[in-house]
Amino acid sequence: MPAKLIVQGLSHHYPDEYTGESVHALDDINLEVEDGEFVSVVGPSGCGKSTLLNILAGLLPYREGSVTVDGNVIDGPGHDRGVVFQEHAILPWRTVARNIGHGLELQKVPKGERNRKVKEFIDLVGLEGFEDRYPHELSGGMKQRCAVARTLCADPVVMLMDEPFAAVDAQTRITLQEELIRISIATKKTILFITHAVDEAAFLADRCMVFSRRPGRLIATVDINIPRQDRNWNEMSSNSEFTRARDQILKLVRGEVSADEA
Amino acid sequence: MSIPRNIAMALYRRFGRQRLRRIALGSIPFIVLITLWYMNGIFHWLPPVFIPTIYSVFEAIFVLQEGCAGIVEIVALDNNCLMTTNIFSSLGRVVLAMLVGLPLGIGFGILAGMNRTVSKFLEPIGIFANSISGIAWVPLAIVWFGVGWMTTLFIMLNTIFWLMFFNAMLGVRGISRTYEQSVLTLGGSSWDVITQVYLPGAMPSIISGMRMSMGFGWRALIAAEMIGGDSGLGFMIFSSAEEYKVEEVFLGVLIISMIFLLTDRYLLMPLEKWTSNRWGLVWRPA
Ligand SMILES: Nc1ncnc2c1ncn2[C@@H]1O[C@H](COP(=O)(O)OP(=O)(O)OP(=O)(O)O)[C@@H](O)[C@H]1O
Ligand SMILES: [Mg+2]
C-alpha cells in the first residue's frame, strides 16, 4: 500500500516585498508518512516547520516539488487534512459542542448524526459538562483539547498539528501528550506533529524527522520503537529506547544549531 | 427595620447590588442637571426666554398635540398632533436609513477587509466622503432632491454607510487569520468564512460602528431636517426657535436624547451582550 502522505522535492521561497530578495524556507524535502503512523518533526526555530505544515494543509501555494495525500495532489485546503493550530484554534463565537461539530456542519452531515459524533468526541477528550460553554470560559488546556476534538470530529485522513501544546503549562502539556497517544490509538489516525520540544517529539512519535536550520532540510529520521500503549511519562524516564531516541534527536538538533552558529 | 432600609433591600433583591450601583452612578449627572434646571425655575439665574421651566416644557407637549383627536390621528401622522407626527417622521427616516445603510456598509466593509482590490478602490473615496461632514452636503442635496425625505435619507446614508464601512473593514482586519484557516481546513467555503468568521469576529467593531451611526446619523438627520426638511424633530425645533418658543426647542432636544438613550439601552446593549460579551471578544473593566 502506498504511503498516506508523500512529499517529493519540495522547496519553498517567500518573496520579500521590501528588499526584493526571497527567503529560502524549505529545501528539497522528501518524506513519506504511512497510514496510521505518528510522525513528529523537530528543528530549530525558523527552519520552515510551519511552512511545511501550511503547504500540506493547502493554506500556502507551492511551486517547487509535489505533495500528495492518498494519491491526490494538494492544491488548496480540504477536509481530508485536519489542522490543529497552536493558538486561536477554536472559534470564540461557537460553544464547545458547536466548535467540535463544525466540520460536520460544513460537510452538511444531518443534525442527529452530528450530535451523536460530537458527544463521542466530547467524551474522548474529556470535556463532558462543558458542551455549552464558550472558549473564553475554558482553560488553555481545555481549549487545545477542544481544538483536537474539533479537527478529529471532521474525520480527516491526515492530522497536521503545529506545536499544539506549546502555549499550555508543563503539567497540562504532559497530560495532553498522554491523551493524544490514547486518542491516536483509539482513532488510528495518521498524524504529523510539529514541535520544537525534543522530549515531546520522542514521546509521541513512531518516527521523528529532524530539520536543519534555514533553509530547512530533512537531515535525519529517528525511529522510536516503543509500542503506543506503553507510552506514559511514568515509565519513560526508565525506558532505554526512549532515552536513546531522545538523546539522539537532541544531539542532531543541537549539532545543527552549533554547526551553523560557529 | 426602617422603611428606607426595607426599600433599599427590596431594590437590591430586584436588581442586584452591582447593577444598582451602576444605575445609581449613571444617574448622578442627570440628577444634578435636573436639579440645577429646577432651581433655575425658582431663582431665575437665567431668564425663561433662555431656560424655560420644567413645567412649561411639559406643557409644550399639550400645546403641540392640541386638537389631536386621539390614536387614529397620531398614527395617520396628522398635523394636529405635531409632536408625535414629527417624532414618527424622524424615527421613520432613521429606521429607513439604518435598514439601507447598515447592511450595505457592513457588506462592503467586510469585502474591503478581506480583499485588497476592493479596499484600494473604496478607501480613498470613503476618506473623501468622510472629510465632508454630513451637514455640508445639505445645500447640494436640496438642489438635487429638493426639500424632503430624499434629502434627509441621502445625508444620513452618507454618514452611516461610510461609518459602517470603515468599522467593518477594520474589524475584519483585526481577526486572527487562524480562524479563517481553521474553517477552510474543515472544508468551509469563502462564504462560510464570511458568515462564520468575518461577521462574528468583526462584531465588536460593527457594534461600535452602529453606536457611531446612531450618534452621527441622528445629528445629520436633525441638521438636514432643520435646513432641508418639511417635517421631523429637527424641523420642529427649528420652526419653534424661529418663533422664540424655547420650551418647544427644549422638548425637541429632550425627545431626541430620550430616543437615543432608549435605542442604545434596548437595541445596541442587548446586541452587544448577546455577541461580543458572550463570546468574550471585548475586555470589560470590573
Ligand atoms: N509569510 C512570510 N513571509 C516571508 N517570510 C516568511 C513568512 N513566513 C515565514 N517566513 C520565513 O520563513 C522561515 C521559516 O518560517 P516558519 O514559520 O516555517 O518557521 P518555523 O520552523 O515554524 O519556526 P518556529 O519554530 O519558530 O515556529 C523563517 O525564516 C521566516 O522568517
Ligand atoms: Mg512555526
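Helix axes here are lines fitted to C-alpha atoms over the stretch in contact, and angles run from 0 to 180 degrees between N-to-C directions. With that in hand, helix H4 (residues 111-124) of chain A and helix H5 (residues 140-153) of chain A have axes that come within 10 Å and cross at roughly 140°. Helices (H or I, at least four residues) and strands (E, at least two) are DSSP runs, numbered from the N terminus.

This is a predicted model, where local features need pLDDT of at least 70, side-chain atom pairs count only at pLDDT 80 or more, and totals for chains, interfaces and linings use all residues. Residues are numbered from 1 along each chain as its sequence is written, chains are lettered from A and ligands numbered from 1 in the order in which they are written, and side-chain values use heavy atoms, with hydrogens and water left out.

**The helix pair**
- H4(A) and H5(A) are therefore oblique to each other (under 35 degrees is roughly parallel, over 145 roughly antiparallel, 65 to 115 roughly perpendicular, and the rest oblique).
- From H4(A), the contact (heavy atoms within 4.5 Å) uses Lys117(A), Val118(A), Phe121(A) and Leu124(A), while H5(A) brings Ala149(A), Leu152(A) and Cys153(A).

**The six-stranded sheet**
- Chain A has an open sheet of six strands in the order E6-E7-E8-E3-E9-E10, with mixed pairing (two strands pair if DSSP finds at least two bridges between them).
- At its edges sit strand E6 (81-84) and strand E10 (218-223) of chain A, each pairing on one side only.
- Strand E3 (residues 38-42) and strand E9 (residues 207-211) of chain A run parallel, joined by four bridges.
- Look for Val42(A), whose bridge partner in E9(A) is Val210(A).

**The four-stranded sheet**
- Another open sheet in chain A has four strands, ordered E2-E1-E4-E5, and its pairing is antiparallel.
- Strand E2 (22-33) and strand E5 (72-73) of chain A are at the edges with a single partner strand each, so one side of each has no neighbour in the sheet.
- Eight bridges tie strand E1 (residues 5-15) of chain A to E2(A), and Leu10(A) has Ile29(A) as its bridge partner in E2(A).
- Helix H1 (residues 49-57) of chain A lies across E1, E2 and strand E4 (64-69) of chain A, at about 115° to E1(A).

**Where the chains meet**
- On the chain A side 24 residues are in contact with 21 residues of chain B.
- About 2,000 Å² is buried between chain A and chain B, with carbon and sulfur atoms giving 67% (buried area is the accessible area, 1.4 Å probe, that two parts lose on being put together, summed over both).
- In chain A, His88(A), Trp93(A) and Leu106(A) lose the most area to chain B, together 35% of what that side buries.
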